[in-house]
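Please read these notes with the model open beside you.

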Amino acid sequence: MLNAILGLACLILTAASLLVGPADLDLRSSFSGLFAGGDEAAMIIMQEIRLPRALLALTIGISLGLAGAVLQGLLRNPLAEPGLIGVTSSASFGAVAIFYTGLAGASLYALPAGALAGAALSVVLLLAIAARNGATLTLILAGVALTSLTGALTSLVLNLSPNPFASYEIIFWLLGSLRDRSMSHVWLALPLMALGWLLLAASARALDALSLGEEAASSLGIRLSATRLLVVLGTALAVGAGTAVAGAIGFIGLVVPHLVRPFTDRLPSSLLVPSALGGGALLLAADIAARLVVPTRELNVGVLTALIGAPFFLWLVVRARRELF
Amino acid sequence: MRGCPADREGRRSVARPSVLSDISPARAEINLVLAADNLPPCGGAVGRAETRGSGQGVWQPRGGRRRAMLLTAIVSALSSTAPAADLPRIMSMNVCTDQLVLLLAETEQIVSLSDLSLDPSLSYLHAEAAPYPKNSGRAEEVFLARPDLVVTGTFSLHNTTSLLETLDFAVEEFAYDQSVDTIPGEIRRMGALIGQDARAETIASAYERDLADLRARQCTMKPTAIAYEQNGVVLGEGTLADSVIDAAGFTNLATELGYSAMTPLPLEHLVSHQPDIVVVSEPMTDAPALADQIAHHPALRALETSRIGAFVPRGAWACGGPFVIEAVRALTELREEIASCDPAR
Amino acid sequence: MLAARNLFVSLSGRAILHDVSMALEPGEVVGLLGPNGAGKSTLMRALSGLLPFSGTVELDGDNLAAMSDRARARHIAFLPQARAIAWPLSVENVVRLGRSPWRGLGALSQKDLAIVTDAMEAMDVAALADRPVTELSGGEQARVLAARAMAQTTPVLLADEPVSGLDPAHQMTMMAALRRLAGQRRAILVSLHDLTLAARWCDRLVVMAEGRIVAEGRPADIMTGERLRDVFGITAHIAHDECGLIFAPTGLAALEPKG
């Protein structure tokens, strides 16, 4: 039921996303532009500009929501989230470090390669920290440090680039955007993200067992090292590929699992599909809002998600002092 | 405040013509200090152009010419001496003034140019700029080099400019807003400032002649063109590119749509208006940026009736200078190719 | 059934278990006694395959180290001492996790669900089935987790201090449940601190000190005053009734000269 509602929300919001844009296209020409030939300009606008944007919002939202739910399950930490613990900012830095230095020419493939490496390294680092000290707070503080460090390094690389436009792109890498993405970005990111989803979903049973702690999970036949590997690779693929084409978009993976958790039996595995669909719906909605809030000037969608997510995070932290999630 | 008298302490002060038309011909009367902008007025333009122009030569770092200039209304406080016949030594801190100085000044006159003068996407004369020392637009550099005149753009480095004026350096600012018609005035003004009036007059009148010839090739067929720069920024009304597009006989779509200066234009708008020509920028190959990717967006390539390319020689319309004529020429030839003035298009 | 021979375990360079050998037989409840730090928990972890060790552990003649994780989990259940439950899961969902090693890809079968219900009833938590486990008292949580381990339906159950934090009645319930499992031809190893509980509910006791097994046998044979003094450092009044021994600690042995 919950999944059906969220799936429907994704469908409706995808359609809405396709209908929003600076060019005034009526419903009929939008529809014919999307599916058939029709008026040439309408066709190009729908198929080459709005469709990739909607698809990326949906799939990146799915990646972030799913990765958030899985990381919370693995770390048994309700505040774990790719953005908060520094995974997205590390992915940004990885992409920036390889792309702007021109190491791989101006090839777009440099972006996901760097982002995946950055994201994977950060997850490994965070797991190592969590293994030494499992406290919720330690992980969040380590994530804050990692976010600051990689954010600063990202800015540094962009400032040092001789290309005068690079420094204006700092904001994109810190607070992502889906503006003027194309189908080539979709083909670049979607296969990697989809592979990431599969790996993350494969960890579902293990996450349930981990609710009882690592020892109990092991005694239930869960191989912890294999589970960690699944999550590291899955998060790196899903979050890294998304960040490579849209910059760092935060808080989706924090907000969505919390919103859907009360409607589930709270087993981590039951949370995965609703979090993924909810993430897709939330990012689609945020991206629509980013285009509509200030009609003349489009906002970065990462700014909007942070505006929603950061107060939510604060509220969670305050509430956490009173009860245990 | 032009022609300020020497102040009571007898320090050097500055004569500053305030508008383009208000140029004093008394070239030797002004100590020039030139300052640099970070970015050119129009962003990078496209296309490789062969390098040419005057100003080739090797800078002699120690000419021993530490001197004070006698100005008609100004008494220099500098104590060093030099022959009065010497021309002013100039430091340019803006990529646009760099190129005017390169065209007009003697090699020995040039103290340094801005470091952007080497950027091929901004500086048409980047090869000519190579031999000279470079500055990065800081007041300290001016203070150490003690040029007679600093030239800079009006657009940025305000703090540097006012600091230099406080320190009694002569600073001349060149306007950011340019059009094909203001360029001859700017050439003559720079010529006057650096004591190269005759050379400036030759270049300016040749430019005026060429511009008039190209304009004469216009007709009633006016295809639409748009300059679509990095990040989807268009060059609208009031930009140099707008006047180039107009002089070449095109209608600038950005201006038609009511865009002025440098403004981002949503890609959807560009697609729905289907301009005949889309002028994009050639990216820096060694330093990629996402900003360049807009030129490769599949939506642009899908426009079947539009011609998209880097039609303007690289750097030719980034700054006001005689080389802008090359941009007008390239676009005029392109227009005649796609829409002949012959009634049948 | 479960036979350990010459187990050695060291953690970060420190030896925790020295040459431990022991066996569990179907149908018996074995109590594992010893002061804090004697190595009881480490022995249980090693026996359940959670720790690297040298030596051999065999299950019906099969080498434990060679078994897959899933196969091992179908033979040995381990109830850890720590009772950390990360999410407000319902009691029933926690107990259902015990069926993980047996589950296919689909939902739980009717047989699985019946086992889950039996385990909840055995631990007296069936009435709490829909309650979030994080809202329960410590004792209730302990019983829920024990029910989870029972639902694993393994021939061997290792329970690390399952009665700590429980009220006397539920301590009895827990021990009775373990006895009932033993009655189903399973082997139970349970570590305990309550000597009377151990002596009255266990068929056999294993006493550990400083990483070694120092005594093994029927309670009445090995739980002497001398052993209490040497191993636990206490003096105690020892009585007995028809059900077994009764220990009442009276003081610290360190205050008296050793004999």
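What radius of gyration does chain A have, and what would a compact globule with 325 residues have?

1. Overall size. This is a predicted model: local features need pLDDT of at least 70, side-chain atom pairs count only at pLDDT 80 or more, and totals for chains, interfaces and linings use all residues. Residues are numbered from 1 along each chain as its sequence is written, while chains are lettered from A and ligands numbered from 1 in the order in which they are written. Chain A has a radius of gyration of 19 Å; a compact globule with 325 residues would have one near 20 Å, so the two agree. (The radius is taken over C-alpha atoms; the globule rule is 2.2 Å times the number of residues to the power 0.38.) Along the principal axes, the C-alpha atoms of chain A fill a box of roughly 65 × 50 × 35 Å.

2. Make-up of chain A. Chain A has 14 helices and 1 strand. (Helices, H or I of at least four residues, and strands, E of at least two, are DSSP runs numbered from the N terminus.) Of its 325 residues, 59% count as buried. (Buried means that 20 or more other C-beta atoms, placed from the backbone, lie within 10 Å of the residue's own; exposed means 12 or fewer, and partly exposed is in between.)

3. Chain A against chain B. Here 24 residues of chain A are in contact with 26 residues of chain B. (Contact means C-beta atoms, placed from the backbone, within 7 Å.) On the chain A side, helices H3 (40-75) and H8 (183-202) each supply at least two residues. H3(A) gives the largest share, 5 residues.

4. Chain A against chain C. This time 19 residues of chain A are in contact with 22 residues of chain C. Helices H9 (204-210) and H10 (214-219) of chain A each give two or more residues to the chain A side. The largest share, 4 residues, comes from H10(A).

5. Helix H14(A). Its buried residues include Val301(A), Leu304(A) and Phe313(A). Among what covers the buried residues of H14(A) are helices H12 (252-260) and H13 (268-292) of chain A.

6. The sheet in chain C. Four strands form an open sheet in the order E2-E1-E4-E5, with antiparallel pairing. (Two strands pair if DSSP finds at least two bridges between them.) Strands E2 (14-24) and E5 (62-63) of chain C stand at the edges with a single partner strand each, so one side of each has no neighbour in the sheet. Strand E4 (54-59) of chain C is joined to E5(C) by 2 bridges. Leu59(C) stands opposite Asp62(C) in E5(C).

Notes:
Contact = placed C-beta atoms within 7 Å.
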